[in-house]
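Here is a short report on one protein model. Look at the overall fold first, then at the charged pairs.

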Amino acid sequence: MLNFVRHAKMANNNTKQTHKRRLSHPPKKQKVGGFLSGGILQDEKFVRRLPVLAFAGLCMLIYMAIGFAVQKRYNYLEDLNDEISRLRTVSITTAAMRGEVTRQQNIEKLLVEHGIELENSTVAPTLIVRAASRDTIAVPR
């Protein structure tokens, strides 16, 4: 029976304490006003949580900075890919033009246009024979 009475008194005390807590909280308008006026810094609960809030704010700033850095690098890589595509096109075009210019028919036309006569050789290239290894090497004249 004593345990029942003790539990009843403790329950009654707990309800009184929660009732007091409810009454001690200021209404929402006072919280906003306290925040704007700086009175919130007098609240012990807020001051205790202030380092955690500062750390969370720092983490958010770092997260945003990393996001901006990643976006900047992504844009740089996209620009490089565009430049590579452009240079590939220029390389293919240049190779095609060089192939066209270096064909024998085109070389002969260019020489005739500039007044240089091309003489075709009717003599075969000279052969040099080495005595030791008997290798033959073609040497043009």
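The report covers the elements, the surface and the salt bridges.

This is a predicted model: local features need pLDDT of at least 70, side-chain atom pairs count only at pLDDT 80 or more, and totals for chains, interfaces and linings use all residues. Residues are numbered from 1 along each chain as its sequence is written, and side-chain values use heavy atoms, without hydrogens and water.

The protein has four helices and two strands. Their order from the N terminus is α-α-α-α-β-β. Helices (H or I, at least four residues) and strands (E, at least two) are DSSP runs, numbered from the N terminus.

Of the 141 residues, 2% are buried. Buried means under 20% relative accessible area, exposed over 50%, and partly exposed in between (1.4 Å probe, protein chains only). The protein exposes about 13700 Å². Carbon and sulfur atoms supply 63% of that area. Accessible areas come from the Shrake-Rupley method with a 1.4 Å probe; for residues, only the protein chains shown count as cover.

How many salt bridges does a search of the whole structure find? It finds three. A salt bridge is a side-chain nitrogen of Lys or Arg within 4 Å of a carboxyl oxygen of Asp or Glu.

| Salt bridge | N to O distance |
|---|---|
| arginine 48 and glutamate 44 | 3.8 Å |
| glutamate 83 and arginine 86 | 2.7 Å |
| glutamate 100 and arginine 103 | 3.2 Å |

Arginine 48 and glutamate 44 are about one helical turn apart, because they sit four residues apart in helix 3 (residues 44-101). Both are exposed. Glutamate 83 and arginine 86 also lie in helix 3, three residues apart. Glutamate 83 has 35% relative accessibility, so it counts as partly exposed. Arginine 86, at 45%, is partly exposed.
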